[in-house]
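Hi,

Here is the structure I promised to pass on. Have a look at it first, and then read my notes below.

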Amino acid sequence: MKCDKCGEKAVINMRQHKLALCKDDYLRWVPEQVEKAIQKYKMFSHEDKVLVAVSGGKDSLSLWDILHRLDYQADGMYIGLGIDGGVSYSAESHRLAEAFAERHGLKLLVVDVPETYSASIPELARRTHRGRGKPCSVCGLVKRHIMNQTAHEGGYSVLATGHNLDDEVAVLFSNTLHWEGSYLVRQAPVLEADQAGLSRKVKPLCRMYEREMAAYAMLGGIEYIYDECPFAKGSTSISYKEILNQLEAGHPGAKLSFYLRFLQAKEAGFFSQQADTHFAELHPCPTCGQPTTAPGACSFCRMF
Ligand code: SF4
């Protein structure tokens with residue numbers, strides 16, 4: 001198969017876009033697509049200080065790489081969770097994030113949970129009896145708190161995460177399956193910082209397939225952690241992704257269309273009623289100042 005741009009040998013065929021590209025054209029095409037998403041959803045400009053949440057995986061490291069290539073002011077933030085896998089998952093992902101920063105001369109901020117809070121994420125989950133053997137809810141809570149705090153204290157106007165299209169579509173599928181109105185309202189490429197203590201959150205890879213990001217990292221020579229977090233095994237979102245992959249195999253472009261049409265429906269006011277009730281419920285936590293829906297202190301401060 002030949003590259004649709006230059007006629008050289010293609011290394012990737014994207015049936016969803018009816019496009020085949022060679023290595024060089026592919027490595028140019030991906031940043032162009034990401035730039036288009038940044039512009040379309042007005043995520044940030046070259047004047048903004050962006051903090052990229054880096055996990056050591058292909059998506060977040062590729063995102064950092066792309067923002068760097070596109071000349072945005074993007075620093076990285078790595079959160080050490082204290083999670084062990086076959087090889088120590090946290091130690092290896094930390095090493096890869098540091099190596100990437102060093103190779104490109106970029107600034108990486110590191111917050112180590114066991115060091116800062118005297119307990120790893122699995123220990124915190126055990127101590128607080130949350131999550132029925134899985135530490136994911138505690139992990140999400142702690143990561144959200146640290147990301148907001150680090151962005152706020154460091155003067156970053158934007159917090160960027162590496163959620164790709166497959167991640168977004170799995171969440172959308174789950175929220176639609178259960179008709180979670182308030183979650184559907186909050187799902188967007190940009191979440192505005194309309195409450196004090198919250199940073200603006202953006203997902204520049206929201207229109208990029210997971211397979212496209214894996215190809216970008218591989219062809220671009222980005223060294224990333226292949227293993228998933230050991231607690232991700234058997235998760236509902238992975239089984240939703242498998243179902244959606246089957247759908248995509250028979251109907252190329254189905255995932256992208258599902259997501260884009262959802263965003264169009266939102267723009268047309270499909271969920272406006274839920275939006276009014278959802279945002280009215282937030283107030284600042286009296287301890288840390290971050291917005292919360294809980295009466296009194298936020299869930300993070302109550303946990304500690
Ligand atoms: Fe945290 Fe691992 Fe769960 Fe992801 S899968 S939320 S990294 S514990």
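Which residue in β4 does Lys49 stand opposite? Lys49 faces Gln73 there. Before I go on, please keep in mind that this is a predicted model.

**The sheet**

That pair belongs to the contact between β3 (residues 49-53) and β4, two parallel strands joined by five bridges. To get from β3 to β4 the chain passes through helix α2 (residues 58-69), and this β-α-β crossover is right-handed. Strand β4 itself spans residues 73-80, and seven of its eight residues are buried, so I'd call the strand mostly covered.

β4 also pairs with β5 (residues 108-112), again in the parallel sense and over five bridges. If you want a spot to look at there, Tyr78 stands opposite Val110 in β5.

Further along, β6 (residues 158-160) and β8 (residues 200-202) run parallel and are joined by three bridges. Leu159 has Lys201 in β8 as its bridge partner.

Put together, you get an open sheet of six strands in the order β5-β4-β3-β6-β8-β7, with mixed pairing. β5 and β7 (190-191) are the edge strands, each pairing on one side only.

As a rule, nonpolar side chains tend to be buried together in soluble globular proteins. Here the largest nonpolar core has 61 residues, and Tyr26, Val30, Phe44, Trp64 and Leu67 are the ones with the most contacts inside it. Helix α1 (residues 23-40) gives the most to this core, with seven residues. Apart from it lies another core, of 30 residues, including Tyr89, Val111, Ala125 and Cys285.

Leaving out residues up to four places away in sequence, Phe44 touches Ile38, Val50, Leu67, Tyr72, Val158, Arg200, Val202 and Pro204.

**Around the ligand**

Which residues are around the ligand? They are Leu81, Ile83, Cys136, Cys139, Lys143, Cys229, Phe231 and Ala232. By class, that shell has seven nonpolar residues, one charged and no polar ones.

**A few loop residues**

Ser55 is in the loop between β3 and α2. Is Ser55 buried, exposed or partly exposed? Its relative accessibility is 38%, so Ser55 counts as partly exposed. Beyond four places away in sequence, Ser55 touches Ser60, Tyr78 and Ser93. Ser55 and Met77 are 22 residues apart in sequence, and their C-alpha atoms are 8.3 Å apart in space.

Most residues other than glycine have a negative phi. Lys42, though not a glycine, has a positive phi of about 50 degrees. Lys42 lies in the loop between α1 and β3, and counts as exposed because its relative accessibility is 64%.

The other one is Ser118, with a positive phi near 60 degrees. You'll find Ser118 in the loop between α4 (113-117) and α5 (121-128). With a relative accessible area of 58%, Ser118 is exposed as well.

Cheers

Note on methods. Residues are numbered from 1 along each chain as its sequence is written. This is a predicted model: local features need pLDDT of at least 70, side-chain atom pairs count only at pLDDT 80 or more; totals for chains, interfaces and linings use all residues. Side-chain values use heavy atoms; hydrogens and water are left out. A residue is near a molecule or strand if one of its heavy atoms lies within 4 Å of it. Ala, Val, Leu, Ile, Met, Phe, Trp, Tyr, Cys and Pro count as nonpolar, Asp, Glu, Lys and Arg as charged, and the others, Gly among them, as polar. A nonpolar core is a set of buried Ala, Val, Leu, Ile, Met, Phe, Trp, Tyr and Cys residues joined through side-chain atoms within 4.5 Å. Buried means under 20% relative accessible area, exposed over 50%, partly exposed in between (1.4 Å probe, protein chains only). Helices (H or I, at least four residues) and strands (E, at least two) are DSSP runs, numbered from the N terminus. Contact means heavy atoms within 4.5 Å. Two strands pair if DSSP finds at least two bridges between them. A crossover is right-handed if, with the strands pointing away from the viewer, the path from the first strand over the helix to the second runs clockwise.
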